[in-house]
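I opened a notebook page for this structure. These entries record what I looked up, in the order I looked.

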Amino acid sequence: MSVDADGQDWSKLDPSGLDWSKQDGLLPAIVQDADNLRVLMLGYMNREALQATLDGGKVTFYSRSKQRLWTKGESSGHFLELVSLAADCDNDTLLVQARPHGPTCHLQRASCFPQAPAAFLAELDALVAQRERERPAGSYTTRLFEGGVRRIAQKVGEEGVETALAAVAQDEAALLGESADLLFHLTVLLRARGLSLQDAIAELQDRHRR
């Protein structure tokens, strides 16, 4: 069973409950990056495209220019891996959350909307994960990973103390600077243990729902 962040089983979304009448059997589908929430693109789905998306897990549209189903990435390999799917309050527009495998835009940009905002902490988390995989020479993050979990944990402890001291004895700029250092090193520590910042956020969300 495939579920979204609210625990809803999107694989059982009933296409017959959607309003297909307004745009000649097509629904606008807004695609959003599931991790950093950046809007990636807008496409259109008919019933068949929606069903193909639900069945195969790769976001599929109806191409109005080609007059056929079109799976994003079928030529480039830059697929959109489905994470969640929901209809709006009028049941005539879809919000698709997906994980992009490569740039979404044909201009090799992450988004078809160049200025689309994204959650920076999610972008930082992704960059730290990339540093962990690739270990580029000269990178401070690489040196942290090569120092091991104990060294990274020590840095988190140091930054935690410095943040607390800044809160009681320094100005706002110092507190913000130390807080940023703490968040960065905590992100590295989680990744060194095979976890992510998103995992910590999910824990907070779970506690909020209790």
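**Entry: Ala129.** I started at Ala129, which counts as buried because its relative accessibility is 9%. For this I used the cut-offs buried under 20% relative accessible area, exposed over 50% and partly exposed in between, with a 1.4 Å probe and protein chains only. Ala129 sits in helix α2, residues 120–134. Helices (H or I, at least four residues) and strands (E, at least two) are DSSP runs numbered from the N terminus. I also looked up the separation from Arg47: Ala129 is 82 residues from Arg47 in sequence and 37 Å from it in space, C-alpha to C-alpha.

**Entry: what kind of model.** The model is predicted, so I noted its limits: local features need pLDDT of at least 70, side-chain atom pairs count only at pLDDT 80 or more, and totals for chains, interfaces and linings use all residues. Residues are numbered from 1 along each chain as its sequence is written, and side-chain values use heavy atoms, with hydrogens and water left out.

**Entry: the chain as a whole.** I found five helices and six strands in the chain. Their order along the sequence is β-β-α-β-β-β-β-α-α-α-α. The radius of gyration of the chain is 21 Å, whereas a compact globule of 210 residues would have one near 17 Å. That radius is taken over C-alpha atoms, and the globule rule is 2.2 Å times the number of residues to the power 0.38. Along the principal axes, the C-alpha atoms fill a box of roughly 65 × 40 × 35 Å.

**Entry: domains.** Where are the domain bounds? Domain 1 covers 10–100 and domain 2 covers 120–209. These bounds come from an automatic or database domain assignment. I noted 35 Å between the centres of domain 1 and domain 2, taken over C-alpha atoms.

**Entry: burial, contacts and surface.** Of the 210 residues in the chain, 37% are buried. I then turned to contacts, meaning heavy atoms within 4.5 Å. Among contacts between residues at least 6 apart in sequence, 49% join residues at least 24 apart. The chain exposes about 12,400 Å², and carbon and sulfur atoms supply 53% of that area. Accessible areas come from the Shrake-Rupley method with a 1.4 Å probe; for residues, only the protein chains shown count as cover.

**Entry: charges.** I noted 23 positive and 30 negative side chains, with the centres of the two sets 6 Å apart. Lys and Arg count as positive and Asp and Glu as negative, while His and the chain ends are not counted. Each charge is placed at NZ of Lys, CZ of Arg, CG of Asp or CD of Glu.

**Entry: Leu27 and Asp92.** Leu27 lies in strand β1 and counts as buried because its relative accessibility is 1%. What does Leu27 contact, leaving aside neighbours within four places in sequence? I listed Leu18, Asp19, Trp20, Gly43, Tyr44, Met45, Asp92 and Leu94. Leu27 and Thr93 are 66 residues apart along the chain, yet their C-alpha atoms are separated by 5.5 Å.

Asp92 is in the loop between β5 (80–87) and β6 (94–100). Buried or exposed? Asp92 counts as buried, because its relative accessibility is 15%. Not counting residues up to four places away in sequence, Asp92 touches Asp19, Lys22, Leu27 and Pro28. From Asp92 to Arg47 I noted 45 residues in sequence and 12 Å in space, C-alpha to C-alpha.

**Entry: positive phi.** I looked up two residues here. Asp24 is not a glycine, and its phi is positive, near 55°. Asp24 lies in the segment before β1 (27–33) and counts as exposed because its relative accessibility is 78%.

Gln67 is not a glycine either, and its phi is positive at about 60°. Gln67 is placed in the loop between β3 (60–63) and β4 (68–71). At 54% relative accessibility, Gln67 counts as exposed.

**Entry: Leu190.** I ended at Leu190, in helix α4, residues 172–192. Leu190 is buried, because its relative accessible area is 17%. Not counting residues up to four places away in sequence, Leu190 touches Leu195, Ser196, Leu197 and Ala200. Leu190 and Val96 are 94 residues apart in sequence and 28 Å apart in space, C-alpha to C-alpha.
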